[in-house]
Amino acid sequence: MSSALPNSTDVFVVGGGPAGLAAAIAARQRGLRVVLADGAHPPIDKPCGEGLMAEGIEALRRLGINLESGDAYAFSGIRFLAAGMAVDAQFPSLGHGLGVRRTTLHRIMTQRAVEAGVELFWGNVITGLSVEGVTLGDRTIGARWIIGADGANSRVRRWAGLDSYARNDLRYAFCRHYRVAPWTNRVEIHWGPRGQIYVTPVTNDQVGVALIRSCD
């Protein structure tokens, strides 16, 4: 973590989740100065399926991140279940995905961002945008490019006048993890009319269960 906010930077990333960290690392790999700020402190967690597809694993490798260790669990396909029926599909060409705790992924990506030279500022809430750059309280940090990676309810999108492209449907979600050995090498998705339950093996002795449901 950096000690003092600079007056300007090439790239300012608003939001320090996996998307923001990936964008920051990629920009650093191209030789740009990158500042990232988030109001939270790591590790940042939120309900999600916690599964990475083969393309996502390869994208992380290009960023210098390798999850092939005890921090993740390889799965070979996806099983959909609904109304007493099930359909099962294995990934083609011997590919595989990885289940990984979101907090574990965030820790590893944060470490890689530090190694890459990203200037990280946790616990710093962005309060606005202007033609000069990003506003934090009474300070403005100049930036050539600003990346909004602050989630579905993005304030950056709203400040930039892009809310017309946002989805209006609301959903809620929560997740829990259970200390039990995975019983399958698939991600199981239990499908319902208003939501889904994702069951993902994340280690050799732990599975994650996430419920995502619409609010209507």
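Predicted model: local features only at pLDDT ≥ 70, side-chain atom pairs only at ≥ 80, totals over all residues.
Biologist: Why is Arg112 called buried?
Modeller: Its relative accessibility is 18%. Buried means under 20%. Arg112 therefore counts as buried.

Biologist: Where does Arg112 lie, and what is it in contact with?
Modeller: Arg112 is part of helix H3, residues 102–116. Beyond neighbours within four places in sequence, Arg112 contacts Ile25, Gln29, Leu63, Gly64 and Ile65. Contact here means heavy atoms within 4.5 Å.

Biologist: How do you know that the span of H1 is close to the expected one?
Modeller: H1 has twelve residues. The expected span is 1.5 Å times one less than the number of residues. That gives 16 Å, and H1 reaches 16 Å from its first C-alpha to its last.

Biologist: Which residues of H1 are buried, and what covers them?
Modeller: Pro18, Gly20, Leu21, Ala24, Ile25 and Ala27 are buried. Their cover includes strand E1 (8–14), E2, H3 and strand E8 (119–122).

Biologist: What follows H1?
Modeller: Gly31 does, with a positive phi near 85 degrees.

Biologist: What makes up the lining of the largest pocket?
Modeller: The lining has 41 residues. Nearest the centre are Lys46, Asp150, Gly151, Ala152 and Asn153. Helix H1 (18–29), strand E2 (34–38), helix H4 (155–159), strand E12 (171–178) and strand E14 (195–203) each give two or more residues. By class, 18 are nonpolar, twelve polar and eleven charged.

Biologist: How much space lies in the largest pocket?
Modeller: About 1200 Å³.

Terms used:
Residues numbered from 1 in each chain as written. Heavy atoms only, no water. 1 Å grid on protein atoms, 1.4 Å probe; cavity = no way out; pocket = protein on both sides within 12 Å on 5 of 7 lines; lining within 4 Å. Points joined across faces, edges and corners; volume = space filled by probe spheres on them. Helix = DSSP H or I, 4+ residues; strand = E, 2+ residues; numbered from the N terminus. Nonpolar A, V, L, I, M, F, W, Y, C, P; charged D, E, K, R; others polar. Buried < 20%, exposed > 50% of the residue type's maximum accessible area, 1.4 Å probe, protein only.
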